[in-house]
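Visitor: I am new to this structure. Please guide me through it.

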Amino acid sequence: MMRVLLIAVSLIFLGGLLFAPLGVVFVSAFGNGIETWLASFADSDTGAAIRLTLLTAAIVVPLNTVFGVCAAWCIAKFEFAGKSMLITLIDLPLAVSPVVSGLIYVLLFGAQGWFGGWLQDHDISIIFAVPGIVLATSFVTFPYVARELIPLMQQLGNDEEEAAITLGAGGWFTFFHVTLPRIRWGLLYGVILCNARAMGEFGAVSVVSGHIRGLTNTMPLHIEALYQDYSMAGAFAVASLLSLLAVITLIIKTLLEWRMGTRHR
Amino acid sequence: MRWRVERSVIPGFGITFGFATFFLGALVLLPLTALVMKGAGMDWTRFFAVVTDPRALASYRLTFGASLLAALINIVFGFIVAWTLVRYRFPGRRFIDAIIDMPFALPTAVSGLALTAVFAGNGWIGQYLEPLGIKVAYAPLGITIALTLIGMPFVVRTVQPALEELPRDVEEAAATLGASPAYTFFRVILPALAPAVLTGFTLAFARAVGEYGSITFIAGNIPYKTEITPLLIIIKLDEYDYAAAAAIGCVMLAISFVMLLAINLLQAWGRRRISGAVRR
């Protein structure tokens, strides 16, 4: 009796909170037929938003991946003073509100910011332009790869790398042939979560973007613009694309968790 | 390098440490310093006037009130969901378990748009609530629901492993000694899970306080009524009042640090609890 009641409560709670919103996105997007859905993407501003989101992710994800591997390598393989401080600082962006994450770059590079005058003299725009969007997105997705790799590499230990080096292998060879095969699933896990957040970030990007249609609107910002125009079909079409990305991310993530035999938060 | 404590045969410390700290410094620490300096550089009376402005105070009340309510809803229902997933076997359990993380993967603009559509007066759920006089979309209740959605996985994912590790024999011992199921739950199970529940609560609350994306869609953004603090920062920036935006930003950053500290203390408490139980 208790069992049935609790399962029912769980399903109703998740139904209203998770399944209804996801359902409404796909029903609203595809409810008027696939032609209407496809027609929404003929709009040039929508195309520009998709391209900008892809471009941003293509810059941010590799950069944060390289950072994550570097940070995990020096933290897991070496002992140095201030290590726990470094780990805490890496997680910092997760604690900061997305709006504050955008604000800090405006204070640095905006017209009245620290470097604002210099940038203006040299005719470089960062805020209300693509570089600002890339910076703000990098900030919010900064910890994702590192925080997957650090505990994984600490747990794996140094023995195999030390053996390889002692036997005469070079540093790069050791990384690609000894370390990488053992961390690849964890690395992929961090990369897909980083990518999902990079493509879906709203708050931080909203502050620095300036909302110029066709130029500085990413997909999430374009959803807001279409929503404010009461162009619901278009808003839901773009939303369905991002929902699809979320579903694919979740599937890969679940498969990786089964593969690694662990569950992550 | 002097600060290296142990010598190692493994190469690459200099380059990886150098790149990691440079990237961290340039991307995270320098911009955060700019915010703190901007806030600290303000005249104190002006700073105080900005952060205690009635409109700002109304936004704190709404942001904290809705976040607190959402986190409370989540510890009740999140606990039930975690309990169901750990203790019961039913068709679709693995699917439900996987989909719990959806709010981590779903862009907040999508969840905001979708929740607004579901809870609007003509929406799937809203149409049944409207006749009862319950207004969700464009009202504080809608903000609470959006914050419940984004906080939910934090509670489930911290309670779930703690519940899995809870030794069953303690419960069986309590039952054998004549304790009722309710007594066993409140006096045996709940105290053991308290650190996990509180950690989940704090994580969900901290995430909710900073949330912006989904709220812009569902809130209606009316000053003094449905205007959250992050939105107020954006409004100040739109007015080119960088100093005021920085002042409110500093308040939010300070709150983030307090939350981070609380989460670390709670997690340390949880670890001590578990190691204490094992030692016994």
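Guide: A crossing of helices is left-handed if the near helix is turned anticlockwise from the far one by less than a right angle, and right-handed if clockwise. This is a predicted model, in which local features need pLDDT of at least 70 and side-chain atom pairs pLDDT 80 or more, whereas totals for chains, interfaces and linings use all residues. Residues are numbered from 1 along each chain as written, with chains lettered from A and ligands numbered from 1 in the order written.

Visitor: At what angle do the axes of H3(A) and H8(A) cross?

Guide: Helices are DSSP runs (H or I, at least four residues), numbered from the N terminus. Axes are lines fitted to C-alpha atoms over the stretch in contact, with angles from 0 to 180 degrees between N-to-C directions. Helix H3 (residues 44–77) and helix H8 (residues 144–156) of chain A have axes that come within 8 Å and cross at roughly 30°.

Visitor: Why are H3(A) and H8(A) described as roughly parallel, and what is the hand of their crossing?

Guide: Angles under 35 degrees count as roughly parallel, so H3(A) is roughly parallel to H8(A). The crossing of H3(A) past H8(A) is right-handed.

Visitor: Which residues of H12(B) are buried?

Guide: A residue is buried if 20 or more other C-beta atoms, placed from the backbone, lie within 10 Å of its own. Seven of the ten residues of helix H12 (residues 229–238) of chain B are buried, so this helix is largely enclosed by the rest of the structure. They are Thr229(B), Pro230(B), Leu231(B), Leu232(B), Ile233(B), Lys236(B) and Leu237(B).

Visitor: Which residue with positive phi follows H12(B)?

Guide: The phi of the residue in question is near 60°. The residue that follows H12(B) is Tyr240(B).

Notes
Helix = DSSP H or I, 4+ residues; strand = E, 2+ residues; numbered from the N terminus. Parallel < 35°, antiparallel > 145°, perpendicular 65-115°, else oblique. Buried ≥ 20, exposed ≤ 12 C-beta atoms within 10 Å, placed from the backbone.
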